[in-house]
Amino acid sequence: MKHKKLSLTLLAAVVVAGAAALWLFNTPDSPFDRVSSAASASSADLIQRGEYVARLSDCVACHSTAGSAPFSGGLAMATPVGKIYTTNITPDDDSGIGRYSLADFDRAVRHGVARDGHRLYPAMPFPSYQKLSDQDIAALYAFMMHGVKPASRSNTPSEIPWPLNMRWPLALWRAAFAAGEPWRENDEQNAAWNRGAYLVEGPGHCGSCHTPRGLAFNEKALNASSPDYLAGALLDGWYAPSLRNDANSGFSRWSEEDVVTFLKTGRNQHGVVFGSMTDAFNNSTQFMHDSDLRAIAHYLKSLPPGSNNAGPRWQYPTQTSQPQLSDHPGSQIYTARCSSCHGADGRGQAPWIPPLAGVTSLQVDPASAINVVLNGSARVVSQGIPDAYRMPPYRKQLSDRQTADVLNFIRSAWGNQGEKTDAGAVKAMREKTDPASSEVIILQMR
């Protein structure tokens, strides 16, 4: 009797484990599974709407490289276990997504599952894209299939070694960290807030850079219900600052109009886009409708302080409270190399040359500051006109020690309260990064 009960218990466990495995590894359902090719035919209006969704989602920033066809992939993306390369998402039948049905496309974008069933790395921001509406998915598919030229460009295999390159564990990862539901309106908020929340949490995938990651490289939160969401994070050599209204964050001093101006023109009185945000501006935010930019600003400025809300609020010091820094080892370097643009007072020449006094990247993690001093900034292109005030790279002019010295001066001047960095941190950044290219990828749409 005991053996029979044990056998039944083991059988039940196997059945449960098998059912769980089937659920985990089964191809996700799509609301478009029963949509025929004829029913998903695309009109000019749908393609145009899809073009705008592609702008909102900034697909081109990851799926294009300089000198290649738009959306043909090939961008190298660093991970802790090796490089991966973005794929060709043009409608080419052999190397792209030309054979994808609308349902196949939906599963890839919102669930991270390719047409042949393999799981996508979460560098593809499907945890955010899962919030895209059915209407936006259908429009995006129409644009990708009929508004993008096919390009024959083979995909580059990842450099992640076996067995870490096995894809099946990604099904477990998705179940644990990205098995959410489509975005739903918050009845307690107004229409502008809801539209802004949808754009930020969904197609804009702002959390992919601005939300801290967990041990499994998962975003710690996917919406504003958690104080970790948009609380600032280090990613690929850049520190994406908090977009919440933290006391120690420069963003807390921005008005809604400042946010709109920044996203529309790439600059405002507080700063200029740089790092990964340059690509997002060049190909995405400047093309958004003003109403959408205002919705984003309204949503972001409604967020309370987040989990990185530490340290006092920045204030420009009075003449009597400013510490004497003339003997600081970085002072002379700053005067010789930086002050002609950014000012002896660190206030810059807004909106063209950003201030250094009070900006978030100089109060928190020094990665962005080190990166931009070594490598300069990528070209900002607003309304088709390249920026004439590009930050030059100083990796050849300054040693690791000199770079650390000038940054430690800047991070302690004008009320800034950043912790000291050292030559070792500069050396590490120098070895894994390259000067910013002056060649800009700008997607020309119809």
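1. Two rings of Phe, Tyr or Trp count as a pair if their centres lie within 6.5 Å, the six-membered ring being used for Trp. In this predicted model, a search of the whole structure finds 14 aromatic pairs.

2. One of them joins Phe-71 and Phe-143, with 6.3 Å from centre to centre and 80° between the planes, an edge-to-face arrangement. Phe-71 belongs to the loop between helix 3 (59-63) and strand 1 (76-77), while Phe-143 belongs to helix 6 (residues 134-146), so the pair ties together parts that are 72 residues apart in sequence. Phe-71 is buried, at a relative accessible area of 2%. Phe-143 is buried too, with a relative accessible area of 2%.

3. Phe-409 and Trp-414 make another pair: the ring centres are 5.9 Å apart and the planes stand at 80°, so this pair is edge-to-face. Planes over 60 degrees apart are the condition for that label. Both Phe-409 and Trp-414 are buried.

4. Which residues of helix 7 are buried? In this helix (residues 169-177), they are Leu-170, Ala-171, Trp-173 and Arg-174. Viewed down the axis of helix 7, the buried residues fall within an arc of 160°, so they line one face of the helix. As background, an α-helix has 3.6 residues a turn, so residues three or four places apart point the same way.

5. Trp-173, listed above as buried, also takes part in an aromatic cluster with Phe-126 and Phe-177.

6. Two arginines are placed over rings. Arg-55 lies over the face of Phe-287, 3.7 Å from the ring centre. The charged end of Arg-347 sits over the ring of Tyr-316, at 3.7 Å from its centre.

Note on methods. Residues numbered from 1 in each chain as written. Predicted model: local features only at pLDDT ≥ 70, side-chain atom pairs only at ≥ 80, totals over all residues. Heavy atoms only, no water. Buried < 20%, exposed > 50% of the residue type's maximum accessible area, 1.4 Å probe, protein only. Helix = DSSP H or I, 4+ residues; strand = E, 2+ residues; numbered from the N terminus. Arc of directions from axis to C-beta. Phe/Tyr/Trp six-rings, centres within 6.5 Å; stacked < 30°, edge-to-face > 60°. Lys NZ or Arg CZ within 6 Å of the ring centre and 35° of its normal.
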